Structures are given as C-alpha cells and as structure tokens.
Amino acid sequence: MMEQCCWITTEPLEIEEVTKRVIRREAGAVNTFIGTVREFTKGKRTLFLQYETYKDMAEKKLEQISKEIEQRWPSAEVAIAHRIGRLEITDIAVIIAVSTPHRNDSYEASRYAIERIKEIVPIWKKEHWEDGEEWIGDQKEVRPGVPLKEEIR
C-alpha cells in the first residue's frame, strides 16, 4: 500500500515522518517548511490556537496542491501534514517537505505549497488571547466582510 502524502491529524506532527516520504536517491535537495504557533501577533499575546476543518475536503485540497506542484516541477515529490485541534505556543501546525534534484525548485515548490494552503484549504483558526478570542476567517487571516488594505485603495 502506498503511503499517504497529504494528511490532516489531531496528533503532534513529526518532522522526520513527513520528510522521509520525499527522500529518494535522485533528489539532491529536500526543503522542509515548518509552520509553528507564535506567541505574539500584531502586539497581542496569543495563549493558544484552535484549528478546525472538514477533514476529507481539506485532504483533497492538499492532494490538489501536491498535483499542482508535480505539474509545475515534474521532478518534485511532496508531502504535506497539517495539524488541527488545540495547539500551544511553538507547536507545529504544518509541515511541507519537497524533494527535487536541485535546490531552487525545492525552495520554489515549498513556497508555492504554503501559499496555496492558505488560499484554498478549508482550515479555520481561532486565536485565544489574554483578553479574548476570535475566529480568523481563513488561513490568509481574512475576516468575512472586512476588505483587505489592497482592496480599499
């Protein structure tokens, strides 16, 4: 049975578990992006985050991103894991591993993956601060009904 390359889990993420899925003899570069929970955002102290998703749909979107990368960088192998549930400060929320024969493609494909995750994967984040909490509209931190700065120029 083939190993899953894109998944959502409530369990803590292990870097080696993700990277071992892309390491191969013909790859001279493995780029690993690790997204963690930071303590301060725009001056507010975060206590913890709560991620929620519709798992089946989110995994399909992660697979879509993997296929997009394979089309743009045909020699790339991709593995993506995203954690949901309650995450504490410094916990790993997402790991992206990309292997390619050469480093430049690996860097570019990794960056592409995280930007696409924020664009199309239905994962919602609730920030819990010392003085309150708020659901963030999506991974790009867009709040429904509130235009982006670029949209009001």
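Biologist: Where is Trp124 placed?
Modeller: This is a predicted model, so bear that in mind throughout. Trp124 belongs to a strand covering residues 123-129. That strand is S8.

Biologist: Is Trp124 buried, partly exposed or exposed?
Modeller: Buried would need under 20% relative accessible area, and exposed over 50%. Trp124 has 34%, so the residue is partly exposed.

Biologist: Which residues make the nonpolar surface patch of about 420 Å²?
Modeller: A patch residue needs over 30% relative accessible area. Trp124, at 34%, passes that cut-off. The patch is made by Trp124 together with Tyr54, Met57 and Trp135.

Biologist: How many aromatic pairs does the structure hold, and how are the rings arranged?
Modeller: The structure holds one aromatic pair. Its rings belong to Trp73 and Tyr112, with centres 5.7 Å apart. Planes over 60 degrees apart count as edge-to-face. Here the planes stand at 65°, so the pair is edge-to-face.

Biologist: How many residues apart in sequence are the parts that this pair ties together?
Modeller: Trp73 lies in the loop between helix H2 (55-72) and strand S5 (77-83). Tyr112 lies in helix H3, residues 103-120. The pair therefore ties together parts that are 39 residues apart in sequence.

Biologist: Are Trp73 and Tyr112 buried or exposed?
Modeller: The cut-off for buried is under 20% relative accessible area. Trp73 has 9%, so Trp73 counts as buried. Tyr112 has 18%, so Tyr112 also counts as buried.

Biologist: Which rings have the charged ends of Lys44 and Arg86 over them?
Modeller: Take Lys44 to start with. Its charged end is 3.7 Å from the centre of the ring it sits over, that of Trp129. For Arg86, the charged end is 3.6 Å from the ring centre, and the ring is that of Phe48.

Biologist: Is Arg116 buried or exposed, and which residues does Arg116 touch beyond four places away in sequence?
Modeller: Arg116 is found in helix H3. Its relative accessible area is 17%, under the 20% cut-off, so Arg116 is buried. Leaving out residues up to four places away in sequence, Arg116 touches Gln64, Ile65, Glu68 and Val121.

Biologist: Is Arg103 buried or exposed?
Modeller: Arg103 is also found in helix H3. Its relative accessible area is 64%, and the cut-off is over 50%, so Arg103 is exposed.

Biologist: What separates the C-alpha atoms of Arg103 and Gly28?
Modeller: Along the chain, these two residues are 75 residues apart. In the model, their C-alpha atoms are separated by 7.1 Å.

Technical notes:
Residues are numbered from 1 along each chain as its sequence is written. This is a predicted model: local features need pLDDT of at least 70, side-chain atom pairs count only at pLDDT 80 or more; totals for chains, interfaces and linings use all residues. Side-chain values use heavy atoms; hydrogens and water are left out. Patches are made of residues with over 30% relative accessible area and no salt bridge: like charges are joined within 9 Å, nonpolar side chains (Val, Leu, Ile, Met, Phe, Trp, Tyr) within 5 Å. Accessible areas come from the Shrake-Rupley method with a 1.4 Å probe; for residues, only the protein chains shown count as cover. A salt bridge is a side-chain nitrogen of Lys or Arg within 4 Å of a carboxyl oxygen of Asp or Glu. Helices (H or I, at least four residues) and strands (E, at least two) are DSSP runs, numbered from the N terminus. Buried means under 20% relative accessible area, exposed over 50%, partly exposed in between (1.4 Å probe, protein chains only). Rings of Phe, Tyr and Trp (its six-membered ring) pair if their centres lie within 6.5 Å; planes under 30 degrees apart count as stacked, over 60 as edge-to-face and the rest as tilted. A charge sits over a ring if NZ of Lys or CZ of Arg is within 6 Å of the ring centre and within 35 degrees of the ring normal. Contact means heavy atoms within 4.5 Å.
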